[in-house]
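Try each task before reading its solution.

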Amino acid sequence: MTTDDSLLDRLAPVLTGLTVAGLAVALVDRFLLTLPPGNATAGLAVAYLAGGVPSALTALRELWSERKLDIDLLMVIAALAAAGVGAPLEGAVLLALFSLSSTLEHRAMGKARRAVEALMALRPQSALRRNADGTTEDVPIADLRRGDTVILRPGARVPVDGVVIEGEGSIDESSITGESVPVHKRPGAKAHEATVNLNAILSLRVERPVSDSTVARMIALVTEAQSMKAPSERFSDWFGQRYTVAVLVGSILFFLFFVRIGLDMDDALYRAATLLVAASPCAVVISVPAAILSALSAAARGGVLFKGGAALETLADVRSFAFDKTGTLTTGRAELTGLVALDGSGEEDILALLAGIEMHSEHPIADAIRRAAQDRSLTPAAVAEVTNTPSEGLTGSDGLGTVWAGNLRLAARMGADIGHSALAGLQDGAQTVVYVGRGNRLLGAATVADRPRDSSYDGLQALRASGMGRLVMMTGDRRPVAERIGRDLGLQQGEIHADLLPGDKVRLVAALSEQGRVAFVGDGVNDSAALARADVGIAMGVAGSEVALQAAEVALMSDNMERLAAAHRLSRRTARIIRQNLTFALGAMMVLVVGGLFFDLPLPLAVLGHEGGTVLVVLNGLRLLFDPIRHPARH
Ligand code: ADP
Ligand code: MG
């Protein structure tokens, strides 16, 4: 089809209008009343020029620069052939319908394609920055730096990603997550670019410049992957190319054949032109992208970003889903539930040290500890050179020596004795325990509890209802915690895997993949290998870590697990519509070709069948644009 030449795109409706008008004049002259001489010819000339020349030019350019034979060229050749054998009106009908359907098609596809780019428009131009001397100033958002303070008035859009530091109020995040219910934000909460501050005055500390903020990341995700075409899309591209050449050559051969069996030249040319139109694969070529683009766009509006059509198509075939626990099935907003200080140190000292270490982590546990310290107005200890061992914890140095915070595995590695009687109660509770120590000495421990997301139960239930083979939980957390959460979510005992290192998750995903395609859903650094290993990696888009996002093929901007189930349903529906479209397009083409070969099909009918079929498959694909991914079915 024609390339995205923006000037031609903008002119397309005008050209189509001219073509149809020219054709109308000629039709009136032929069938209604005889117009003054010359009018009909002028009308036809306009139709041919406006309908044929632009497509011919783009097609020739494509042929010249990319050595690709565009289907548009076939249409122009057929129209010229019709004119050549004294049937210019038929040729004009062909050009008018062709021009009309490709303009509609472009419009529709453009709509589907622009879903994410539309976000760009949501960016405010400027923001109110509070300077160090207390004055405020309107600055372009490109000038905002990490650490700046921005004042948000009610109704203002959040200019860049940041953290609320003052004020309390609701933010409408629907532009990013697709969730229509506003989210209440207190100091410490993250605010995402392009969301809307509804009713309060909030101060925001800038966390990321605009070039790294949410919208830029979403756009990067989607555009980076546009080359990742779905297998069916590759098929229809390939087919379109080969087949177009075959149709051209075939029509010439049939022309020679018709002449050979005694038809006169004009008749033979007319029938060859009819065949050319009948056999052109426009509908086949457009049927897959029409469905995929619509689905990608519907998903994006619902807060699910696919990196290209391939991921969408693979998701439709997935047999089992594996989930990370912390931050994925659970809220990622854990709470500190207990604190034990050993050897005479005070609880506050322990918490301050913990907070100092956890300052350097994005983990939900770290977040809980930082918030707890903040609530008690503690100043986090100064800890430097912090390194993170995924699924274990953190080590660093506070000037006096090595300090660390993490799970049993880390404590054991540091040589700490965790047999202290004050800790006995902690270890069999169904809570996550974070040990904190200095060198090989255990200083204390904190317990942290997280709870399932409100949407996790229903989301899993919906996946189960769609006949998912297996739903599995994989976590680096301890077994009692894993089982408590797993039970709440209705997972089977055998499907709960605990105490895993990142490599164990990869191995488990690999084992699952022997029974069919696997999707892995995760948020953390420790999930990135499993995300990459799975057939479809799905990352928590807003709350998750950057590494996870990069390893994944799908990003859940909304942390609503029901959206995940809805996206899965959408992918299956897309696969079904693609099958329908391909079957229909190939079938219709066959019927038309048989008609052209054996039944003397008139050219206008071939044109009607061909263009009608193309429009039908596009419309069928566009149905996906209205898929209710925003409003998952209630259970
Ligand atoms: P999940 O696989 O459920 O997302 P993780 O693999 O991220 O969990 O974490 C597993 C365990 O490792 C946690 O339960 C915790 O004990 C420990 N851990 C990981 N990161 C940290 C951290 N920043 N601070 C303390 N403990 C941590
Ligand atoms: Mg996690």
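**Exercise 1.** Find the helix that holds I252, and the nonpolar surface patch to which I252 belongs.

*Solution.* Start with the helix: I252 sits in α8, residues 231-260 (helices are DSSP runs of H or I, at least four residues, and strands runs of E, at least two, numbered from the N terminus). Finally, V245, V249, I252, L253 and L256 make a nonpolar patch of about 450 Å².

This is a predicted model, in which local features need pLDDT of at least 70 and side-chain atom pairs pLDDT 80 or more, while totals for chains, interfaces and linings use all residues. Residues count from 1 along each chain as written, chains are lettered from A and ligands numbered from 1 in written order, and side-chain values use heavy atoms, without hydrogens or water.

**Exercise 2.** List the protein donors of the magnesium ion (ligand 2).

*Solution.* Look for N, O and S atoms within 2.8 Å of the metal (3.2 Å for Na, K and Ca); water is not among the atoms, so sites may look incomplete. The donors are D324 (OD), T326 (O) and D523 (OD), 2.2 to 2.3 Å from the ion. Their sequence spacing is D-x1-T-x196-D. Both D324 and T326 are buried.

**Exercise 3.** Trace the open sheet of six strands.

*Solution.* The order is β12-β17-β16-β15-β14-β13, with antiparallel pairing (a pair needs at least two DSSP bridges). At the edges lie β12 (335-341) and β13 (384-389), each pairing on one side only. Inspect β15 (402-406) and β16 (432-438): four bridges join them, and W404 has G437 in β16 as its bridge partner.

Conventions. Buried means under 20% relative accessible area, exposed over 50%, partly exposed in between (1.4 Å probe, protein chains only). Patches are made of residues with over 30% relative accessible area and no salt bridge: like charges are joined within 9 Å, nonpolar side chains (Val, Leu, Ile, Met, Phe, Trp, Tyr) within 5 Å. Accessible areas come from the Shrake-Rupley method with a 1.4 Å probe; for residues, only the protein chains shown count as cover. A salt bridge is a side-chain nitrogen of Lys or Arg within 4 Å of a carboxyl oxygen of Asp or Glu.
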